[in-house]
Structures are given as C-alpha cells and as structure tokens.
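Q: I have a protein model to look at and would like to learn how to read its features one by one. Could we go through it together?

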Amino acid sequence: MIRQEFHRIDPKRRATLDHKKKQFATPTFKQQDYPHRLNFYETPPTAEITLEQFEQWAIDRLKILAEIEACSYRNKTAEETSKHLTPLLQKFLPLSSNTSVSSGAGGSDPRLRNERQKDHYSHFILRLAFSATEDLRRRFVRAETMLFRFRFQGDDSRERRAFIESLNLDWEPVSDEERREMSEYLAAATPGLRRVEDESWYKVDWEKVPELVEKRSVFLAKGKAYVPGREQLSMIMAEFTARLERALELTSRALPRLDEDDRLTPILNHLSKNFGSAESVYSEGEGVVDGAPITAANIDRLAQHFPLCMRSLHMNLRKNNHLKHYGRLQYTLFLKGIGLSLEECILFWRQGFKGLTDDEFNSRYKYNVRHAYGDVGGDVNRRGRGYPPYSCQKILSDSNPGVGQTHGCPYRHFSVDNLIGLLQSTGIHDKEVLKGVREDVEKTRYHIACNRVFEHIHKADIKRVKEDGSWSQTDLDTIVHPNTFFKRSYLLKQAAKAPRNA
C-alpha cells in the first residue's frame, strides 16, 4: 500500500490578505510608447479615450480600408492606388515619420504621439468590429496588410531598419560558409540575382514566405527558404499577416464578453455592417449644389445625374404615374437631399400622380411628404428637420422589395439580366463595363458596380478635372451615398462646360 501524506498550512501562519486593498487597488497598465511610425499592433491599448473618439477614430480608419478594398476591386495599379490613398491618409489617418519633426524626438513629440495613438487605437477598435465572422476577418487582414505595405514602402529607410530590428524576428542569417556551399542553388533559384555574395541571406520557415514560394523566387531546402535581403518586404508582410490572423482568431473568442456593454456593441455592429462602404453620418445639406436649378419642373432634366436606384424610381413614376410607399419615401428623401424645397416636392408628386384629384392626393399622400421633411409629426421629425436621405448602406440593408415595389438598389435587388437591361436603357452599352458590373454583382460588390458605372459615364470629365488640377483625389473618392453621386455628377458636367482658361 502506498501511503499518501496531505500537508495542510497552519491557519495561524497563513498570510493575511486585506480584500479591500486588493479590490480597490489601482490597476497598472503598460503605457504604449510609439518610437516608430510603423506598428505590428502587438500591445492592446489601455489608456482612456472618449466614446466620441472611439467611434470617430474607427470611422476614419474604416474610410481608408474601404478605399483600399475599392482600389483592389477596381484593379488599380500600385501607382494609382498610392496616388489615390496619399491625400486620403493625410486627411483621415496621418502618420508622420520621426524625421518630419525638427527635433527628431520620435514618439515623444506631441503631434506624432497623437497620430500614432489614433492609428494604434483605431486598428484595435476595428479588430473588435471585424472579428465576428471569417469573411470579415479575411477582408480586414487583407486591407490592413495592404495599408501596412503602403506605409512600409514609403517609410524612411533608417527608421524602417530600426523598426525591423525592434521586432526580434526569427530570421536565421546564412553564414558565409553555407552561402558559398549553396551559391549554385541560390543563384539558380533567385531570378535577377547578379552575384550571390553581394546579398545578405536569411533562412526562414518556408510557410512564412508563401508569396515568394508561390513565385518560385527562393531556394527551398529541409523546410527552410533561403531569402535574399532584397526580399525583406515579403518576409515582413508575411509576418504581419500571420500575427494579425492569430490575433483576430483570439479576439473572436473574446467577443461574447462584450455583449454586456450596451455602449460599444451598437457602434461595433454599425462599423462591421459598413465595411463595404465606409458609411459615415450624413451631414445636412451635403448633397446640395449651390446655384443649381432644383425645382419640380427641372427634375426630368436633372435625372441624368441620378444614381441608378433613383433613376429607376423616376422612370417608374413617369411610366406608371405612381410609386408605392417605400419607393416614394426613398425618392422623396433623395430629392430633399439634393435641395428640392418642401413646396416644390409636393408639387412634383402632385404632378407625378396624374390620375388623382387634388382631394385624393392631399388626403392620401401630401402628409407623408410633409412628414419626411419634418413639417409635421412628433419626435420622429428630428426637431423639424425630418429624415435624412438614405445612404447606400441603408438602401442595401433594408428589406427586399416585393411585388409591385420599386425601392431598393438595382445592383442588389434586380436580376442580373434586368439590371443589364436597365443600364442599357440609360445609355450604357460598353461591353467591358457591363461585364465588370456582372462580376461585381456576382461577388456582392454592389457599391463598386455603381462606382464603375459612374466612372464610365464621366470618364472624360474626370480626366479633365484631374489634368487641370481643379479637383483633388479626395474629391473623387468612392461614392457611398446617392446624393453624393448626384452632386459629383452635376458638378463634373458643369466643369466640362466651363472654358479651360476660366
């Protein structure tokens, strides 16, 4: 028999803990320093920020990620993407280098610290928002990796080297002796290499450089890839992607704990739903064009500038002299957003519903128009301002139109054949454009399809305003609101009419 002994601690000798001291002790957190412009986002943020900062910082970063994704979907070259992103990053997510401050103080400079703190926190906020599903995680990793690559390539070489050294990456340098032994294989497996001895070489697990393995531009032996120093970018990108994927997986497991926080959960849900369009709060008057003749009598003429969703509603109204409730509401709010006054809007609908008497129109439809404008109604009229125009995301996420209903987004709610027919009826016949729209719709990239059509319609106008410098790149970012579509289309056509030397 084996004798088991159990040792008990003498209660008199047990350390006495003051539960009050432990309960109310001030927690200590590691304060994040930002010595480098680049960040692998390994350390979660711990300082306090306001709820307004939490939401606004995330929205600003989301705009950048959405533009990166849009550039990818539209097959923009690296040069075009860089030109497109640079002003947007400067506006929404600036990130200056240490050498940009005269003192060279790096992360201790207040301006640099504020920029890097926003970059750091916004990344982790969106990490929470996009960890819920595999699709969101995949898209987030892809966009964040592209953003990191863009910043890495544009970083100062000295700062970039210091950042890489700070990562303590598991890269095994290849000795001179081994390099000489393997020189024949290294030269054969590395395209464009002049002299093996002129490069510094590293051995890494081949899984860490899938991009180089796929291109067959590295030598593989015993599970290791022999990577020349000039391919440092690929190794860094692979490491960044792998770490972020692991971190997102861990974050997804912790998400259920956030359900109890009724302040953050709605914000995170809103952000994740708007990843495709980077929707932000619509500002009153944002779609109004100063000086444009926005009257009931001019709507037919202005309809050429409407996005397909609103143009479809207009065509149905003219064809049937009627629209059902949701179609009327969607179109009314759009017309309100472009600057049509309440009186003119009532006149527009009255003229559109030709089969009704004045009494029938007034009793059945006039109140709804006034309510949308905030002229009548209680708390729902937002203190006299009425409802804001629907964004693309709102239109896409609302219920599908039923039989006889015409609201919604044609790119999502029409069959592909009916969509192509509608586009052709508005004058779009280019085979490449229609093919691109089909592909976008099949991959549920509805806002990209809409932007593709816009860019085709205004191809010459966009080229002109770019060449004469009258429009900046931020003036031509991805459209995510029907009223933005109208305003940009109208202004581009007006610019085309203006003399070159004006």
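**Reading charges, helices and burial**

A: Let us begin with a pair of side chains: Asp119 and Arg151 meet in a salt bridge, with 2.7 Å from N to O. A salt bridge here is a side-chain nitrogen of Lys or Arg within 4 Å of a carboxyl oxygen of Asp or Glu. This is a predicted model, in which local features need pLDDT of at least 70 and side-chain atom pairs count only at pLDDT 80 or more, while totals for chains, interfaces and linings use all residues. Residues are numbered from 1 along each chain as its sequence is written, and side-chain values use heavy atoms, with hydrogens and water left out.

Q: Which residue forms a salt bridge with Arg488, and is Arg488 buried or exposed?

A: Arg488 pairs with Asp477, and their closest N and O atoms are 3.0 Å apart. Arg488 sits in helix α22 (residues 482-497), whereas Asp477 is in the loop between α21 (459-467) and α22, 11 residues away. With a relative accessible area of 9%, Arg488 is buried. Salt bridges can also share partners, and in this way Arg61, Asp119, Glu144 and Arg151 are joined into one network.

Q: What span should helix α2 have, and how far apart are its end C-alpha atoms?

A: The expected span of a helix is 1.5 Å times one less than its number of residues. Helix α2 (residues 51-73) has 23 residues and should therefore span 33 Å, which agrees with its end C-alpha atoms, 33 Å apart. Just after α2, Asn75 takes a positive phi of about 55 degrees.

Q: How buried is Leu88, and how far is Leu88 from Ile64 in space?

A: Leu88, found in helix α3 (residues 78-92), counts as buried because its relative accessibility is 2%. Leu88 and Ile64 are 24 residues apart in sequence, yet 7.0 Å apart in space, C-alpha to C-alpha.

Terms used
Helices (H or I, at least four residues) and strands (E, at least two) are DSSP runs, numbered from the N terminus. Buried means under 20% relative accessible area, exposed over 50%, partly exposed in between (1.4 Å probe, protein chains only).
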